[in-house]
Amino acid sequence: MTNHHGDFIWYELITPDPDGAQAFYGPLLGWTVKSAEMPDMDYRLAGTAEGDVAGIMKTPDGPPMPPAWLGYVGVDDVDKMATSVTDGGGAVHMPPADIPGVGRMAFVADPQGAMFYVMKRASDEESHAFSYDKPRPGHCAWNELSTTDVEAAKHFYGQRFGWVEDGNLDMGPMGKYEFLRHAGRSDGSVMGQGMIGAVMPKMPQMPVCAWTYYFRVPDIDAAVAHIKGNGGAVTKEPMEIPGGDFSMNAIDPQGAHFALVGSRSA
């Protein structure tokens, strides 16, 4: 099988210390990390027994870039999508380019400035980096956009990737937490089919609009202990979410923000 246009297909950590990141995330997420053997670049592939999930990349030379997690959305035509992004008020930070054996990609931002990649993979093999069909420890389980204009963001992503709102939670003064479903992965009759994440108003403490990616762990409390004991910091303690799992937010030892979701053993 192949992925649908509009699927999240890959995640990438940009970090000044790939060795430190590997030592931190490997035990946390049960990842095996190996070199991608790319010439002139320290790029590592992190994955589970069910396949590769993410890349770990050393911060490139050039203007200062903070450590960050970035997501890749699969598209049918990267060049057309890059044009569509700018036509829709977004920006192209890296124009479409080929990476031999990997695919064609572009680095873009939505109209509110949240950055992500669009990519057409060279392989037709389906990516499970984001686990649509079942819980997979070590894989991404949720994609969350914080933005200054929720309605504009829903329109932008809906027009380009087929994402639609599918319910919401009222957070009171913080606004609504609106669930996003990939319409191409579901007939819409069952809540949960094709769910990819959510969009919410950006909180004042966030410096910019951005995507946050939630990776699944088997034990949320063990994950908290690992983070605190290995140089990371928990910015939001585990809280129960619909379905009985718990979610939390954290910062890795190099300063990249990330999030986790998992169960509680006791």
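Is W163 buried or exposed? In this predicted model, W163 has a relative accessible area of 4%, so the residue is buried. The cut-off for that label is a relative accessible area under 20%. Y157 also comes out at 4% and is therefore buried.

These two residues can be taken together. The ring centres of Y157 and W163 lie 5.3 Å apart and the ring planes meet at 10°; the pair is therefore stacked, since planes under 30 degrees apart count as stacked. A second stacked pair is formed by W211 and Y213, with 6.5 Å from centre to centre and 5° between the planes. W211 and Y213 are both buried as well. Over the whole structure, a search finds 28 aromatic pairs. A ring can also face a charged group: R264 lies over the face of F246, at 4.4 Å from the ring centre.

The overall fold comes next. The chain contains four helices and 16 strands. Its radius of gyration is 18 Å, close to the 18 Å that the globule rule gives for 266 residues, so the chain is as compact as a globular protein of that length. Along the principal axes, the C-alpha trace spans about 50 × 45 × 40 Å. Of the 266 residues, 48% are buried. The accessible surface comes to about 12,300 Å², and carbon and sulfur atoms account for 54% of that surface. As for contacts between residues at least 6 apart in sequence, 58% of them join residues at least 24 apart.

Two of the helices show how burial is arranged around an axis. Helix α2 runs over residues 78–87, and its residues V78, M81, A82 and V85 are buried. Viewed down the axis of α2, the buried residues fall within an arc of 105°, so they line one face of the helix. K80 and D87, on the other side of α2, are exposed. What do the buried residues of α2 pack against? Their partners are the strands β6 (91–99), β7 (103–109) and β8 (115–121), together with helix α3 (150–161).

Helix α4 covers residues 220–229, where I220, A223, V224, H226 and I227 are buried. The arc that these residues cover around the axis is only 165°, which means that they sit on the same side of α4. The cover over the buried residues of α4 includes helix α1 (18–29) and the strands β13 (210–217), β14 (233–240), β15 (246–251) and β16 (257–262).

R136, by comparison, is 117 residues from P253 in sequence, and the C-alpha atoms of R136 and P253 are 24 Å apart in space.

Notes
Residues numbered from 1 in each chain as written. Predicted model: local features only at pLDDT ≥ 70, side-chain atom pairs only at ≥ 80, totals over all residues. Heavy atoms only, no water. Phe/Tyr/Trp six-rings, centres within 6.5 Å; stacked < 30°, edge-to-face > 60°. Buried < 20%, exposed > 50% of the residue type's maximum accessible area, 1.4 Å probe, protein only. Lys NZ or Arg CZ within 6 Å of the ring centre and 35° of its normal. Rg over C-alpha atoms; globule rule 2.2 N^0.38 Å. Contact = heavy atoms within 4.5 Å. Areas by Shrake-Rupley, 256 points an atom, 1.4 Å probe, with all protein chains shown as cover. Arc of directions from axis to C-beta.
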